[in-house]
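Here is a friendly briefing to read alongside the model. Have the sequence and the structure open, and follow the topics in turn.

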Amino acid sequence: PNNFFGERIKSSQTHNSIINLIDNQTDIIISARKMSADEKSYAESVNVSLIETPIALDALVFLLNKQNNVKSLTVKQIQDIYLGKITNWSEVGGADEAIRPFIRNADSGSQEMMKEIVMDKTGMPDWEVGHNDEIISTMAAVYTELGAYKNGICFSPHYYKEYIIRDAVGAGNVKSIEINGIYPNTKSIKNKSYPFIANVYVSIRSDTDHNSMTYKLYQWLQTEAGKRVISESGYVPI
């Protein structure tokens, strides 16, 4: 209903959105991940539990400056770049330039996705120590930084790149690359041939009144009508 949406919808980074939901500052959120361990501990400390339900698929895409001639990397090459085992683009078919790997700040949605679906079996180095220049604090700044550094690499949710950042400053200078020869798009996300697929979640507090509009919206997003809207928005419905 029109009186439910409008100015009552707010945008926030993933961590803040989850904390706002726990703190009852918002009623329902759609996020790129479930609660992190820290967030879950906080929720337990204030006697709150969340219902986190996957409703769509997204992908974690890897981004380079368009001047970089590398078009594809393997899963292992991505892991080795972030483990410090591959340090020059010439090692993966690019120019003789030192690789500058960027990451996101801790508890950001994309950083948690990176740790979980890309680096889980190899571990994620503690980049919070000694790498402050490579930590990017906002998703939009990823595109600005990669637009400025032709030897950089970072990551982003596919949905953010294709449907939110679009033509913002720096975005036109940044490209997604293939992973294992598969380019991230709706088809490769839907059939899960692209290697780095993640769920998108709708979350509410477990004590949400089942007669409330919040709960009805939560249920509606899981119906066929809700899935059509999810698809129209650019996400791939489950």
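Helix α6 gives the most to the lining of the largest cavity, with 3 residues. The model is a predicted one, and a search of the whole structure turns up 1 cavity of 30 Å³ or more.

**The largest cavity**
- The volume of the largest cavity is about 40 Å³.
- Its lining is made up of L57, D58, H158, Y159, Y163, T186, I189, G234, Y235 and V236.
- Two or more lining residues come from each of β2 (50-65), α6 and α7 (186-190).
- Sorted by class, the lining of this cavity holds 6 nonpolar, 3 polar and 1 charged residues.

**Helix α6 and its partner α5**
- Helix α6 (residues 158-165) also meets helix α5 (residues 139-148): their axes come within 11 Å and cross at roughly 85°.
- Angles of 65 to 115 degrees count as roughly perpendicular, and therefore α5 is roughly perpendicular to α6.
- On the α5 side, the contact is made by M139, A140 and Y143, while α6 brings Y160, K161 and I165.
- By class, the residues of this contact between α5 and α6 divide into 5 nonpolar, no polar and 1 charged.

**The second largest pocket**
- About how much space lies in the second largest pocket? The value is about 220 Å³.
- There are 13 residues in the lining of this pocket, and those nearest its centre are A32, R33, K34, E116 and Y201.
- The elements that supply two or more residues to this lining are α4 (109-118) and β10 (197-205).
- The lining of the second largest pocket is split into 7 nonpolar, 2 polar and 4 charged residues.

- S203 has its place in strand β10.
- Is S203 buried or exposed? Buried means under 20% relative accessible area, so S203, at 1% relative accessibility, counts as buried.
- Which residues does S203 touch, not counting those up to four places away in sequence? They are L21, D27, I28, I29, I51 and E52.

- With 8% relative accessibility, A198 counts as buried, because the cut-off for buried is under 20%.
- Leaving aside neighbours within four places in sequence, A198 is in contact with A56, L57, D58, M113 and I117.
- A198 and L57 lie 141 residues apart in sequence and 5.8 Å apart in space, C-alpha to C-alpha.

**The chain as a whole**
- The chain has 9 helices and 11 strands.
- Of its 238 residues, 47% count as buried.
- Of the contacts in the chain between residues at least 6 apart in sequence, 70% join residues at least 24 apart.

How values were computed:
Residues are numbered from 1 along each chain as its sequence is written. This is a predicted model: local features need pLDDT of at least 70, side-chain atom pairs count only at pLDDT 80 or more; totals for chains, interfaces and linings use all residues. Side-chain values use heavy atoms; hydrogens and water are left out. Axes are lines fitted to C-alpha atoms, for helices over the stretch in contact, and angles run from 0 to 180 degrees between N-to-C directions. Helices (H or I, at least four residues) and strands (E, at least two) are DSSP runs, numbered from the N terminus. Angles under 35 degrees count as roughly parallel, over 145 as roughly antiparallel, 65 to 115 as roughly perpendicular and the rest as oblique. Contact means heavy atoms within 4.5 Å. Ala, Val, Leu, Ile, Met, Phe, Trp, Tyr, Cys and Pro count as nonpolar, Asp, Glu, Lys and Arg as charged, and the others, Gly among them, as polar. On a 1 Å grid over the protein atoms alone, a cavity is a set of points where a 1.4 Å probe fits but cannot get out, and a pocket is an open set with protein on both sides within 12 Å along at least five of seven lines; lining residues have an atom within 4 Å of a point. Grid points are joined across faces, edges and corners, and a volume is the space filled by probe spheres set on the points. Buried means under 20% relative accessible area, exposed over 50%, partly exposed in between (1.4 Å probe, protein chains only).
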